[in-house]
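Trainee: Could you take me through one part of this model closely, starting with how its strands pair? After that, please carry on to whatever else can be said about the two chains.

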Amino acid sequence: MSEQPILQVQSVSKRFGGVHALENVSVDLFPGEVLALAGDNGAGKSTLIKIISGVHHPDEGKIWYDGKEVTFENPQKAREQGIETIYQDLALADNLDVGANVFLGREPMKRVFGLPVLDRKKMRTEAADALRVLDIRINRFDLPLRSMSGGQRQAVAIGRAIHWNAKVLIMDEPTAALGVPEQRKVIALIKSLKQSGVGVIFISHNLIDIFAVSDRIVVLRRGKKVGETATQATNSDEIVRWMVGG
Amino acid sequence: MRAWIFLFFLLVGFEIWAQLVYHTTFLLNPFNAASIAVFTVGPLLLALGQTLVVISGGIDLSVGFTMGLAAVVFSEVLNLSTGVLPDPLALVVAMIVALLASMVPGLINGLLIAKLRVPPFIGTLGMYGVARGIAYLLAGGATVPIANQLVSSIGNGSFLSIPIVVLITIVLTLAMMFLLSQSRFGQHVYAIGGNRQASLRAGINVSRNTIALYILSSLTAGLGGILYTARFTAGAPQAGETLLLDSIAAVVIGGASLFGGSGTITGTVIGALIIAVIQYGLVFVNVEPFWQFVAVGIVIIISVLVDQTQKQLSGARTDE
């Protein structure tokens with residue numbers, strides 16, 4: 001783990017009408033670290049990740065990314081800088097193959113007899129390379145994603161982020177819609193992401209997953225940070241106590 | 001794949017029918033082949049644009065009367081300019097004006113659907129009425145005959161014994177095939193139909209693509225109107241009235257899903273051929289023409305049923 005955080009959220013507040021969705025929250029994320037964001041519904045987890053990914057703008061506070069203070073006008077800008085968010089629905093086109101999804105919106109072209117045509121071969125081989133790094137087995141790269149398992153689809157979404165050089169990866173409940181074996185694969189995926197130096201923010205309701213994968217845990221309650229600890233130094237009782245405020 | 005099998009059985013069926021009842025050949029008669037090709041032109045031209053619209057998860061109900069509108073505009077402008085201008089120039093002017101006129105319904109459809117989020121079914125149904133009314137108003141409620149020698153010789157002429165309208169349609173079909181399967185635009189059409197939200201998040205300009213799609217659809221319909229006028233030497237507001245359903249049928253028989261995300265131009269070509277073979281074949285074996293509607297209707301239902309069964313058998317996830 002390097003000393004310099006890749007992402008620093010400094011004293012960020014956000015109000016929606018009269019509701020304090022976030023109040024003076026600060027969070028650091030280091031390269032190669034998995035930070036778990038825990039909290040009950042309405043604790044402010046979604047607001048926080050939406051501020052980081054450029055969907056919302058903070059009312060107060062600053063965000064530092066890669067050593068510079070940043071404001072992202074929209075998620076597109078955040079993504080261009082290397083902050084990728086993988087939502088629960090994964091944002092994949094199930095009718096297209098792996099390569100087409102990895103390159104969605106940024107398809108490479110080649111020239112055939114002077115005409116620009118899609119370079120499907122390049123899409124396929126580079127997508128395969130991106131997934132090989134993640135140690136994910138997909139046998140058929142010409143099939144639509146519809147025919148793949150939940151874990152494989154998750155891998156494609158992560159592979160896409162990696163291929164486009166994400167430095168920060170935000171994952172919203174990545175294991176929520178999966179069966180147990182698939183959950184384990186995603187946990188393994190996140191661990192291999194760490195090794196490639198990506199900083200991961202991991203949102204989950206599942207404390208077992210949080211303890212299985214995270215290095216550090218930040219607990220939010222009613223828009224405030226109520227606890228932060230190294231995962232090794234705590235246990236689920238303490239996290240639950242922070243979450244419910246007992 | 002499924003559509004090929006359909007087409008094969010239809011051709012064999014009509015061949016057997018013709019042999020048994022009339023002791024003649026259906027398939028090996030070159031006149032029949034040319035007639036079926038000409039029968040295919042109308043539904044196929046409307047279906048080409050429709051295929052892309054359907055893949056994107058939309059539908060264009062206005063194409064039939066957009067075709068009629070283009071036919072009437074083409075005839076009126078041709079009649080105004082013939083005599084004033086040399087025939088070829090009059091043709092070019094009339095074509096340009098007719099294609100521009102046919103783009104208007106498409107542009108409005110696209111804006112309604114992309115910007116104001118009107119459901120495609122409703123937006124284009126409205127445009128169906130508007131285009132229909134305006135076409136009849138422009139035509140004065142009747143068909144508009146034309147008297148341009150060049151146009152009628154194109155409409156009924158042949159090159160290397162292939163009808164010129166068929167050749168024009170083949171060229172356009174190849175261009176659309178390329179656009180859909182090889183271009184970034186085509187890829188984005190599939191992506192929008194597969195997952196609109198994902199396309200937006202991937203930075204695809206969904207509304208600009210949607211507007212382009214509906215303009216493209218009305219342009220192929222407009223070309224259909226021009227070719228119709230050339231073939232019958234008259235422009236009629238109702239030129240494409242029965243072709244709307246044929247075009248949707250061709251797309252669906254060709255394997256596109258009305259839920260969006262799948263379909264091919266090749267499939268649509270086969271679909272249009274199937275419709276043309278049914279229509280021409282039933283005339284050839286001397287069945288009352290109204291059975292055509294019944295037969296095409298049954299084929300649509302069967303192809304959707306086969307599609308669903310295939311999906312269940314292959315165990316693919318179906319999003320309900």
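Mentor: In this predicted model, strand β1 (residues 7-16) of chain A and strand β4 (residues 60-65) of chain A run antiparallel and are joined by 5 bridges. One of the residue pairs to look for is Ser13(A), whose bridge partner in β4(A) is Glu60(A). Strand β4(A) is also joined by 3 bridges to strand β5 (residues 68-70) of chain A, again in an antiparallel arrangement. Here Tyr65(A) has Lys68(A) in β5(A) as its bridge partner. The two strands β4(A) and β5(A) make a hairpin, with 2 residues between them. Asp66(A) sits in that turn and has a positive phi of about 55°. When you look along these strands, keep in mind that side chains in a regular strand alternate between the two faces of the sheet.

A positive phi also turns up in chain B. Arg117(B) is not a glycine, yet its phi is positive, at about 55°. This residue lies in the loop that runs between α4 (87-114) and α5 (120-139) of chain B. Arg117(B) counts as exposed because it has 9 C-beta neighbours inside 10 Å, and the cut-off for exposed is 12 or fewer. Asn286(B) is likewise not a glycine and has a positive phi of about 70°. Its place is the loop between α12 (265-284) and α13 (291-314) of chain B. Asn286(B) is exposed, because 9 other C-beta atoms lie within 10 Å.

Now back to chain A and its division into domains. Domain 1 is made of 1-82 + 167-174 + 196-246, and domain 2 is 92-166. The C-alpha centres of these two domains of chain A are 29 Å apart. Across their contact, 7 residues of domain 1 of chain A meet 5 residues of domain 2 of chain A. On the domain 1 side, the residues that touch domain 2 comprise 4 nonpolar, 2 polar and 1 charged.

Last comes the contact between the chains. Chain B gives 19 residues to it and chain A gives 16. On the side of chain B that touches chain A, the elements giving two or more residues are α8 (184-194) and α9 (196-201) of chain B. The largest share of that side, 6 residues, is supplied by α8(B). Sorted by class, the side of chain B that touches chain A holds 6 nonpolar, 10 polar and 3 charged residues.

Key. Residues are numbered from 1 along each chain as its sequence is written. Chains are lettered from A and ligands numbered from 1 in the order in which they are written. This is a predicted model: local features need pLDDT of at least 70, side-chain atom pairs count only at pLDDT 80 or more; totals for chains, interfaces and linings use all residues. Domain bounds come from an automatic or database domain assignment. Two residues are in contact if their C-beta atoms, placed from the backbone, lie within 7 Å. Ala, Val, Leu, Ile, Met, Phe, Trp, Tyr, Cys and Pro count as nonpolar, Asp, Glu, Lys and Arg as charged, and the others, Gly among them, as polar. Helices (H or I, at least four residues) and strands (E, at least two) are DSSP runs, numbered from the N terminus. A residue is buried if 20 or more other C-beta atoms lie within 10 Å of its own, exposed if 12 or fewer, and partly exposed in between; C-beta atoms are placed from the backbone. Two strands pair if DSSP finds at least two bridges between them.
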